[in-house]
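Here is a short report on selected features of a structure. Keep the sequence and the 3D view open while you read.

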Amino acid sequence: MATAFSSSIHAIQHSRCENPSIASKKPSSAFLGSTHKLRFAAPSRSASVCAATRRRSSSVSAVSEVIKEKKQKSASSSSNLLITKEEGLELYEDMVLGRAFEDMCAQMYYRGKMFGFVHLYNGQEAVSTGFIKLLKKEDSAVSTYRDHVHALSKGVPAREVMSELFGKTTGCCRGQGGSMHMFSKEHNLLGGFAFIGEGIPVATGAAFSSKYRREVLGEADCDHVTLAFFGDGTCNNGQFYECLNLAALWKLPIIFVVENNLWAIGMSHMRATSDPQIWKKGPAFGMPGVHVDGMDVLKVREVAKEAIERARRGEGPTLVECETYRFRGHSLADPDELRDPAEKAHYAARDPITALKKYMIENNLAKEAELKTIEKKIDEVVEDAVEFADESPQPPRSQLLDNVFADPKGFGIGPDGRYRCEDPKFTEGTAHV
Amino acid sequence: MDRDPTVCVMGEDVGHYGGSYKVTKDLANKYGDLRVLDTPIAENSFTGMGIGAAMTGLRPVVEGMNMGFLLLAFNQISNNCGMLHYTSGGQFKIPIVIRGPGGVGRQLGAEHSQRLESYFQSIPGIQMVACSTPYNAKGLMKAAIRSENPVILFEHVLLYNLKERIPDEEYVLNLEEAEMVRPGEHVTILTYSRMRYHVMQAAKTLVNKGYDPEVIDIRSLKPFDLHTIGNSVKKTHRVLIVEECMRTGGIGASLTAAITENFHDYLDAPIVCLSSQDVPTPYAGTLENWTVVQPAQIVTAVEQLCQ
């Protein structure tokens, strides 16, 4: 799905200087301007999953397969097996973990263990699993407030996520972030953001870092990519467009993953967007735009593979629109009265977990019993997570002022001439400056 | 930038143009277009990009072509810059510097004459400093870049032409310390940025009239250096704050509260705060002059304070 850059642009040199900061020449201006030409292929109706690989040799194509109006075919239309047994089991386990975890969150919330705004991911598991399971640990992912499952897919232990949701000090963010602010330095999950769109520039920055490492710091094998997840509502927000421009302009290794679940709380995508086909907005900025069935983890995975490889090769960003659906309301506080029951039923019939299960059994990749074992294992993991979170301590008063600054000298110098943070009783006090 | 290859600059026209006030002149030639990055006009996004880069190991210096433009980046500065270290439980640090020219210039019109210190000062998790001389500009810039905290560095549009001898050897100033400009006995005058020069001009007049003002450039707008300030208050017992910020919710207002809370017993008179008028800066030269504090007003205020 490469855009047709004129061939000269592809001669991007990598700075190989030992001491890049002093000795580097100005790198070629390749990343600065977009002087490419784009040509479009007509929308294709052929097998979705192979289209990407087929077109690699020729020039541009913005592949689209708009299937919203069509009845959903069975889970996988490809006759060749797309995954090995191991991969299938990994995908299955990840999706089941996501679903079981979120269901437990709902229970815990109504039992008064979890508070505030909690946004559950039920139904969208194929997107998280399909993309994130292809990443290396060093790759980054940036999410929104609907981030529990992204955190789990990225490798953050269920215990730490549950603890964080309970507001305990053993949570991944020490209880300071909560449902909408999941972070993990170890697993390179850069958030968790409450305002829509504000994570996209952060993701763009992470992608910029990756390019900087390669070209300025001389880490020639640095090919980390960044995934930015966000919804259909965000696609009407300025930050989205600004970042599409920045990423395409500088060919940043980022994939913009739109989880189009058709609803932004109670605002239907159709009522909010002049052209609801979000994938089309990619080519307008000079990057490929792809639409994929987000209820089918195998299809998502195939598209994700191509987009991630593209980014790793240094060819720049991709915009992927995943048509998906959330089975629950926007958050646990949402009565979910506006959505048509027929629409909900339509997507419930396309449950990604059921679909994968069917695929694996029909293609003899796994037996029903094996899958049941996985489900049982996940139940235990989630129970254990709840137990761990329950037994963990609440944050003490002394934690209130921790982490406001990376360097606590930022609290300033007190009247006695000492830095406030030097006072051993400081964290029990106030943050007045 | 020589010392640390992770330091990079991003902003509008910082590269080939050398910066709207030439602060980054020739740096792109030396370090390349990726390290001195000319961005499109998208403040919120490139500030956010700087924050993401800071989280993943770089040390960006983000320039607002005019500080006022950073209002468009307020989302990123408040939510992400200030908060992410805390909401991530300390996992991610954001060693970013956000800087640019601000303040009232010469008839630049209301939107290019903004003082954003007051808007940003409440954001938890950031530090703010204002430079006023070539010496402290260099020292504070270095300190800000080396700091692990996000720092907003306020420069002033009218101060870029100052010339001063500065040391050849390396020096780094302290972000949290105030600067004693002129020791004195009668009154403590607290100021920052361009108003320092109006104060010093007024000081000349005051000295001729027999007063002995102590002038402190607070430099650190958040947090306040209450040690230097406190020692001065304990000595003179009278405080005058002179700032270019607006009166309402400005730096002076916070400073007044802080001094009153901490040093109330040492004050012989109420604190006087001279700030800019709470008006959008007018274009007409005469009106603009009346918007900011002038030396004559400072002289009058000191005389009244010392009665």
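## Basis

This is a predicted model: local features need pLDDT of at least 70, side-chain atom pairs count only at pLDDT 80 or more, and totals for chains, interfaces and linings use all residues. Residues are numbered from 1 along each chain as its sequence is written, chains are lettered from A and ligands numbered from 1 in the order written, and side-chain values use heavy atoms, with hydrogens and water left out.

## Salt bridges

A salt bridge here is a side-chain nitrogen of Lys or Arg within 4 Å of a carboxyl oxygen of Asp or Glu. Over all chains, the search finds 45 of them.

E362(A) pairs with K358(A), with the closest N and O atoms 3.4 Å apart. Both residues lie in helix α13 (residues 352-362) of chain A, four residues apart, about one turn of the helix. Helices (H or I, at least four residues) and strands (E, at least two) are DSSP runs, numbered from the N terminus. E362(A) is exposed at 54% relative accessibility. K358(A) is partly exposed at 46%. The cut-offs are under 20% relative accessible area for buried, over 50% for exposed and partly exposed in between (1.4 Å probe, protein chains only).

In chain B, R182(B) and D212(B) meet at 2.9 Å, N to O. R182(B) lies in strand β7 (residues 179-182) and D212(B) in the loop between α7 (195-208) and β9 (213-217), so the pair ties together parts 30 residues apart in sequence. Shared partners also link D293(A), D296(A), K299(A), E323(A) and R350(A) into one salt-bridge network. Within it, K299(A) and D296(A) meet at 3.6 Å, N to O. Both K299(A) and D296(A) are buried.

## Surface patches

Patches take residues with over 30% relative accessible area and no salt bridge; like charges are joined within 9 Å, and nonpolar side chains (Val, Leu, Ile, Met, Phe, Trp, Tyr) within 5 Å. Asp and Glu count as negative. Charges are placed at CG of Asp or CD of Glu.

D379(A), E383(A), E387(A) and E391(A) form a negative surface patch. D379(A) lies in helix α14 (residues 368-391) of chain A. Y21(B), V23(B) and L108(B) make a nonpolar patch with about 220 Å² of accessible area together, computed by the Shrake-Rupley method with a 1.4 Å probe.

## Buried spots in chain A

Of the 17 residues of α7(A), 16 are buried, so this helix is largely enclosed by the rest of the structure. Y325(A) is buried too, at 0% relative accessibility.
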